[in-house]
Protein chains: 4
Amino acid sequence: MQLGLIGLGKMGGNMRERIRRAGHTVIGYDRNPEVSDVKSLKELVAKLDAPRTVWVMVPAGTATQTVIDELKDLLSPGDVVVDGGNSRWTDDEKHAAELGIKGIGFVDAGVSGGVWGLQNGYALMVGGDKEHVDRLQPVFEALKPEGPYGYVHAGRVGAGHFSKMVHNGIEYAMMQAYAEGWELLEKVNSVDNVREVFRSWQEGTVIRSWLLDLAVNALDEDKHLEQLRGYAEDSGEGRWTVEAAIDNAVPLPAITASLFARFASRQDDSPQMKMIAALRNQFGGHAVEKKD
Amino acid sequence: MQLGLIGLGKMGGNMRERIRRAGHTVIGYDRNPEVSDVKSLKELVAKLDAPRTVWVMVPAGTATQTVIDELKDLLSPGDVVVDGGNSRWTDDEKHAAELGIKGIGFVDAGVSGGVWGLQNGYALMVGGDKEHVDRLQPVFEALKPEGPYGYVHAGRVGAGHFSKMVHNGIEYAMMQAYAEGWELLEKVNSVDNVREVFRSWQEGTVIRSWLLDLAVNALDEDKHLEQLRGYAEDSGEGRWTVEAAIDNAVPLPAITASLFARFASRQDDSPQMKMIAALRNQFGGHAVEKKD
Amino acid sequence: MQLGLIGLGKMGGNMRERIRRAGHTVIGYDRNPEVSDVKSLKELVAKLDAPRTVWVMVPAGTATQTVIDELKDLLSPGDVVVDGGNSRWTDDEKHAAELGIKGIGFVDAGVSGGVWGLQNGYALMVGGDKEHVDRLQPVFEALKPEGPYGYVHAGRVGAGHFSKMVHNGIEYAMMQAYAEGWELLEKVNSVDNVREVFRSWQEGTVIRSWLLDLAVNALDEDKHLEQLRGYAEDSGEGRWTVEAAIDNAVPLPAITASLFARFASRQDDSPQMKMIAALRNQFGGHAVEKKD
Amino acid sequence: MQLGLIGLGKMGGNMRERIRRAGHTVIGYDRNPEVSDVKSLKELVAKLDAPRTVWVMVPAGTATQTVIDELKDLLSPGDVVVDGGNSRWTDDEKHAAELGIKGIGFVDAGVSGGVWGLQNGYALMVGGDKEHVDRLQPVFEALKPEGPYGYVHAGRVGAGHFSKMVHNGIEYAMMQAYAEGWELLEKVNSVDNVREVFRSWQEGTVIRSWLLDLAVNALDEDKHLEQLRGYAEDSGEGRWTVEAAIDNAVPLPAITASLFARFASRQDDSPQMKMIAALRNQFGGHAVEKKD
């Protein structure tokens with residue numbers, strides 16, 4: 001089939017390649033003319049036969065909103081837009097409504113796979129009306145990994161991004177789990193072979209996983225991770241997961257702890273621990289560490 | 001080679017079977033005469049050629065201590081005892097010292113594999129002197145999964161159980177991660193296909209793992225887990241992991257949160273939340289829920 | 001001075017009384033004619049001399065928005081509206097802008113004091129332009145406790161409700177602190193006099209506080225809180241505190257743990273712990289508890 | 001009455017002073033001859049009339065054990081030893097048994113008050129047999145604050161230190177509560193007067209407390225705590241509280257979070273966050289921060 005694809009960055013570029021390998025026609029647009037197949041969104045739309053299918057793969061927030069706004073004007077009733085970026089699920093209903101006014105369909109697709117997706121396939125979590133989702137099926141088939149897994153029509157509009165968001169929340173806590181265990185093993189004297197302990201866990205254990213394989217890769221590159229700083233960004237989905245949990249009164253202690261650990265990792269010094277130090281000094285005369 | 005194996009329960013029984021399948025001689029002893037190969041520890045020791053190797057696979061704590069005490073009297077210098085149970089790593093040094101007085105070697109082995117071990121092999125994390133560990137190598141080879149993983153000599157005496165303990169701590173937080181994500185997905189309206197979301201994650205995602213496969217199995221048996229109570233025991237290793245972290249001043253927020261979630265799951269009513277309710281009533285006149 | 005006061009519930013009614021005791025004129029309006037001084041908002045506005053000052057004390061959200069909308073039409077340039085309810089700080093900027101279009105000033109006031117406020121005074125945290133805040137000073141003086149504390153002009157519009165929100169977040173974690181300690185003391189055998197331990201802490205300790213006094217009151221009414229269920233609502237501010245922390249990448253582990261403990265207290269059974277039970281059963285054959 | 005007091009450091013020295021002011025005879029011993037009233041423990045014991053009462057106020061652990069061992073030899077049946085240091089409650093039973101063999105009584109006393117105790121009195125939580133506790137009553141009366149609070153006979157041997165330990169656990173979480181709130185207020189733009197917000201809370205709020213008063217003192221000395229590093233020691237009781245909770249399967253999320261925040265505050269760089277960074281790099285190609 002024929003697909004318009006907007007956004008040809010690290011993710012979008014590889015996705016174009018994988019869809020083409022499956023024999024489909026992809027017309028890609030990117031602001032960067034060196035990677036773009038067309039010069040403008042207008043040209044992209046003109047090159048597609050109606051009913052058109054356009055996949056948006058640009059940063060969540062303003063960039064996605066801008067593209068949706070432009071597509072609303074350029075596309076026709078019966079066309080379908082897919083948002084495959086990392087949009088917040090609450091944006092999906094808004095986008096579906098905005099496009100729906102003109103009779104344009106909307107599908108949200110959470111995409112997992114990172115730098116490994118081109119080779120192994122991308123996991124897809126999709127939300128939207130069956131009629132629109134069905135039309136995209138050949139593209140989903142091309143993108144997903146081989147075999148029975150890696151694709152789900154999770155529910156109505158928003159369900160795709162919601163599922164992907166929860167996937168990332170789970171990812172945060174799984175990473176934190178390995179990280180906590182690794183730090184504890186590195187700290188004690190009796191275990192002198194932490195990397196090999198991690199390596200051994202890759203078979204026969206309850207905790208074997210792809211993330212564990214990656215941890216072993218990382219330790220093979222840098223046995224005690226001495227080259228790195230303990231500094232981690234967070235990308236939005238972790239925050240949204242906790243916010244969704246709060247909206248729904250669901251306790252998420254492990255996922256939230258993982259998010260907070262990232263926040264703390266980015267602080268040069270902890271303001272709240274200054275207050276703790278100040279209070280200890282006030283009531284106990286405990287020494288405080290002054291700044292240099 | 002020849003191995004004495006003490007404790008033929010769910011784990012020990014299957015391990016005897018797997019070691020025998022590899023062509024070794026196993027003489028097993030259990031208090032239950034129906035599964036035991038010999039009538040007493042004394043008979044077991046008598047049937048083994050020196051230098052003997054005896055694997056202890058009984059519950060941690062008193063039961064293990066009792067067997068170690070008896071073996072100390074029955075065995076001879078040059079023999080080696082392996083503790084493959086779930087002993088606390090702090091017991092290992094004690095046991096090694098007690099046996100060492102008589103010239104008997106000691107190796108601790110953390111064993112993972114559960115009900116799947118007979119078929120897939122057991123992951124082994126081992127601590128002890130190289131000389132003693134080397135002697136056990138044929139048995140370790142028989143027990144471990146095929147392939148390059150599933151076995152590690154982690155360090156000195158205690159390192160095996162310590163590594164297995166941390167493995168279980170990580171396991172707690174990984175299970176909690178999936179559990180939190182599952183609850184959140186089940187709670188929202190937009191996602192109407194939570195089981196299929198979990199199933200789809202088995203390929204192409206960052207969070208694919210054996211535990212995820214098991215979660216899908218469980219959901220296939222009971223789509224919304226309606227047959228179950230939200231009640232989880234904890235088996236010691238999770239507690240010891242947190243205690244080891246405290247001893248070493250390592251923060252373990254996600255693993256500890258997972259442990260506390262299990263504690264709370266076993267309370268009919270939460271005493272601490274009674275105090276919260278009482279305080280809210282005191283300062284705000286907020287209604288409290290009285291017991292029936 | 002003269003004040004219009006909208007909303008004469010548990011809080012508003014007592015505040016009217018306290019302001020009147022200070023010698024000011026309060027014209028109160030409530031939908032409940034039995035407590036209302038006037039029949040309508042229109043009548044209330046008509047009875048006030050310009051420039052008017054109107055204090056809104058109704059539930060946050062729709063109720064407050066409705067009153068603000070009506071006041072926008074009824075009031076005149078130079079009048080000032082105070083929102084003393086539990087509005088989210090993000091609503092304040094919106095309300096200030098909406099009223100500002102007509103030249104009406106806006107002040108947000110976080111009010112603490114609960115059922116004790118009439119007697120002891122209400123703590124006030126206020127946000128807004130100095131010009132508007134200054135005009136309210138006599139009312140603030142009437143409401144606040146005697147002495148140097150209990151009132152602050154915290155910053156621009158929104159700062160009052162933000163400060164009150166953080167106050168409540170801190171309150172959540174302080175209550176949780178006492179509750180956790182109480183549960184632990186009640187659990188162990190050696191301490192047979194937990195209520196008297198709490199009572200003794202009221203002097204000479206680091207943890208003496210008004211909340212501790214209330215805890216002792218509660219224990220005097222019900223020594224082991226046996227009459228209560230461990231069930232606690234949350235009122236919005238706790239959730240908003242965590243959301244504000246997420247927006248600002250500030251880790252709030254203790255406050256968030258306290259919020260999640262309340263969420264969990266309201267669940268008959270924990271869905272996430274069902275998943276934990278299911279996973280334990282899958283890999284270890286651990287028994288699960290079936291529902292009745 | 002007559003009291004032997006061993007250990008005349010920051011705490012013990014002030015306590016001697018306060019007991020003397022109440023009209024009692026205190027013979028103090030310290031390894032530092034400049035503050036000691038006698039030259040040896042032996043001399044101290046010789047100067048006391050039987051039945052003797054000896055208060056031990058030295059660091060928990062080895063130092064306390066050494067003194068207990070010496071007193072066991074020096075004292076006579078009918079004498080009573082009080083351990084007023086920060087001993088772990090589990091040591092108390094051991095000490096009571098060791099002394100009991102010789103017919104010497106034992107009382108454990110948790111003491112709170114810090115640098116303010118001389119002036120305001122010390123809060124005392126006491127464990128032991130009624131007969132021994134009663135004998136100490138005049139000393140407890142001298143040490144405790146005036147008024148009805150500040151003293152409790154909490155239960156059998158160990159109950160005093162256990163109660164004091166829980167007091168400190170609660171203290172950790174209360175400090176963390178204020179610290180988290182303070183950091184959040186400092187982070188946002190709308191609140192430009194955080195110190196004054198804290199000051200205002202000292203009356204009329206739910207969160208007023210002695211710790212809040214101390215926080216205001218600290219902020220008066222250093223408005224934004226810019227002189228301090230966010231670094232906090234922990235003194236043992238916090239750790240023991242969490243360990244006791246684990247022993248008793250009591251969830252302590254807020255107190256434990258507070259302990260872990262202190263652990264993290266003492267790390268130059270977080271090992272676990274290095275692993276998070278490494279994993280993000282592995283699966284997403286996310287940039288990592290290399291060490292300088």
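Contact between structural elements means here that heavy atoms lie within 4.5 Å, while helices (H or I, at least four residues) and strands (E, at least two) are DSSP runs numbered from the N terminus. The structure is a predicted model, in which local features need pLDDT of at least 70, side-chain atom pairs count only at pLDDT 80 or more, and totals for chains, interfaces and linings use all residues. Residues are numbered from 1 along each chain as its sequence is written, chains are lettered from A and ligands numbered from 1 in the order in which they are written, and side-chain values use heavy atoms, with hydrogens and water left out.

In general, the strands of a sheet pair through backbone hydrogen bonds, either parallel or antiparallel; two strands are taken to pair if DSSP finds at least two bridges between them. In chain A, seven strands form an open sheet of mixed pairing, in the order E2-E1-E3-E4-E5-E6-E7. Its edges are strand E2 (25–29) and strand E7 (151–155) of chain A, each of which pairs on one side only. With direction ignored, neighbouring strands of this sheet are turned by 25 degrees against each other on average. Within the sheet, E3(A) runs parallel to strand E4 (residues 80–83) of chain A and is joined to that strand by four bridges, and A:Trp55 stands opposite A:Val82 in E4(A).

Two helices of chain A can be described relative to this sheet, with axes given as lines fitted to C-alpha atoms, for helices over the stretch in contact, and with angles running from 0 to 180 degrees between N-to-C directions. Helix H1 (residues 10–21) of chain A packs on the sheet and touches strand E1 (2–6), E2, E3 and strand E5 (105–112) of chain A, its direction making about 165 degrees with that of E2(A). Helix H8 (residues 159–187) of chain A lies across E4, E5, strand E6 (123–127) and E7 of chain A, and runs at about 15 degrees to E5(A).

In chain B, helix H6 (residues 130–143) has 14 residues and reaches 19 Å from its first C-alpha to its last, close to the 20 Å expected at 1.5 Å a residue, the expected span being 1.5 Å times one less than the number of residues. A kink of about 55 degrees lies at B:Gln137 in H6(B), shortly before the proline B:Pro138; the bend at a residue is the angle between axes fitted to the seven residues ending there and the seven starting there. The buried residues of H6(B) include B:Val133, B:Leu136 and B:Phe140, where buried means under 20% relative accessible area, exposed over 50%, and partly exposed in between (1.4 Å probe, protein chains only).

Most residues other than glycine have a negative phi, and most peptide bonds are trans.
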